[in-house]
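Here is a short briefing on selected features of one protein model. Keep the viewer open while reading.

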Amino acid sequence: MRHFYASFYKNLIWVYLSVLCCFVYGSMLDAIPDHVYMKEGQELALDEKIPVQLAVSSDKKAVMADVGESTYETLRERGSYGRCEDLGVGEHTVTCYLFGILPIKEVEVSVVSDRSLYAGGQVVGIYGATQGVLVLGTSPVETEDGSYAEPAEHIVCAGDYITTVNGQPVEKKEELVALVRKYGEKPLVLSLWRGAEQIEVSVDAVATKEKTYMLGLWVKDDMAGIGTLTYYASDMDFGALGHGIGDGETGDLLRLLSGRLYRADVLAIKKGVRGEPGELQGVVYYGQKNEIGEVESNTDIGIYGKLSMDYYKELCREDQTYPVGYKQEVTCGPAAIITDASGKLGIYHITIDSLDYSPSDRNKGIHFHVDDEDLLDLTGGIVQGLSGSPIIQDGKLVGAVTHVLVNDPTRGYGIFIENMLEE
């Protein structure tokens, strides 16, 4: 019996050690990013808590630090572990060697020219017209005999974009209504975008008591709101929000045909409280004289386009340029966000709590909390409308605010600026 227990505990210890080793190994891999950017002439330094030595996989000579003995102590004392330099502009594959011996991970490295951008922080109005008419859902229609029918149910789905009716293009809700009434006596052939697929469906409209025809669809053809400008460049290209514009009903990313930026002012702030995110409440000044930019694309990591020449000249007289800071340069600790939620641009202190180099959601690579008393008094933390506020650390533009934690409005997520620049 004593031998049994000794063997049992021995095996238990081996299982524990195996699980621990797997956990440590997995944590080590997570701490090394899959892909990094570095500036030309810059030394690449990955997480220095991990004793890895780097070599360019495509070069058998291996661009490695000259360390002599490949031991952790030597590497640590020389400050050269986890580093690689002298890479030319372009794409490289770098292998990480644990203690300079065991290859554990390959990292894709993009060497780019040094780049600086203007940091934004301005609250702007955003308007977008959908590519076709977006279906939000179906609704029963009262027929001529007083019964109810849902003619498009199970044929047209929430999230579909209707682009034509019997070959006639549709961009506005009013155009869809007019074409359904015009062709309602016969089957209607609708062209739809369903996700990335374009399909055609046939549906019969319902004749109503009012002697007209309806499909029983809830639809919309545009969106409007406010958000924050993240950055803009000397060529007037801009990025904003740090996440895409989605539909509040379906949750899907809006397929935009066109969009514009307008001047906006914050009129009031609903403070965030636990369980209920706050929001900036403002007014958007529509009209050609208040148009300040064109939205060219709506993606899951931000909206992009070009500022008007007049607005660019107005901003760049006051705004500061910052060198781009890539994710391996970002550290846990003090940082700042820029926003004009108070009515004028202000820089507010935050603390970066943790970093995720390979998040399942690219919008959540930076986890931080607000500890600036002025911003906490103003907004209670992160609120809707602050999405896109640039994050600055060590004099570099490193990211943008994207989300707030519903149960703690003082805490939020951000996206690495390099991810926004990939679009």
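Tyr231 stands opposite Gly239 in β18. That pairing belongs to a predicted model.

- Strand β17 covers residues 217-232, and strand β18 covers residues 237-240.
- The two strands run antiparallel and are joined by 3 bridges.
- Together β17 and β18 make a hairpin, with 4 residues between them.
- Met236 sits in the turn of this hairpin and has a positive phi of about 75 degrees.
- β18 also pairs with strand β22 (residues 302-307). This pairing is antiparallel too, over 4 bridges.
- Across from Phe238 stands Gly305 in β22.
- In a regular strand, side chains alternate between the two faces of the sheet.

**Helix α4**

- Helix α4 spans residues 309-316.
- Which residues of α4 are buried? Tyr311, Tyr312 and Leu315 are buried there.
- Seen down the axis of α4, the buried residues fall within an arc of 100 degrees, so they line one face of the helix.

**Asn419**

- Asn419 lies in helix α6, which runs over residues 417-420.
- Is Asn419 buried or exposed? Its relative accessible area is 10%, under the 20% cut-off, so Asn419 counts as buried.
- Leaving aside residues up to four places away in sequence, Asn419 touches Ile301 and Arg362.

**The largest pocket**

- The largest pocket holds about 760 Å³ of space.
- How many residues line the largest pocket? The lining has 34 residues.
- Nearest the centre of the largest pocket lie His243, Gly244, Ile245, Gly246 and Ser387.
- By class, the lining has 15 nonpolar, 13 polar and 6 charged residues.
- At least two lining residues come from each of β17, β20 (279-285) and β28 (396-405).
- β17 gives the most to this lining, with 6 residues.

- β17 forms the hairpin with β18.

Note on methods: Residues numbered from 1 in each chain as written. Predicted model: local features only at pLDDT ≥ 70, side-chain atom pairs only at ≥ 80, totals over all residues. Heavy atoms only, no water. Pairing = 2+ DSSP bridges. Buried < 20%, exposed > 50% of the residue type's maximum accessible area, 1.4 Å probe, protein only. Contact = heavy atoms within 4.5 Å. Arc of directions from axis to C-beta. 1 Å grid on protein atoms, 1.4 Å probe; cavity = no way out; pocket = protein on both sides within 12 Å on 5 of 7 lines; lining within 4 Å. Points joined across faces, edges and corners; volume = space filled by probe spheres on them. Nonpolar A, V, L, I, M, F, W, Y, C, P; charged D, E, K, R; others polar.
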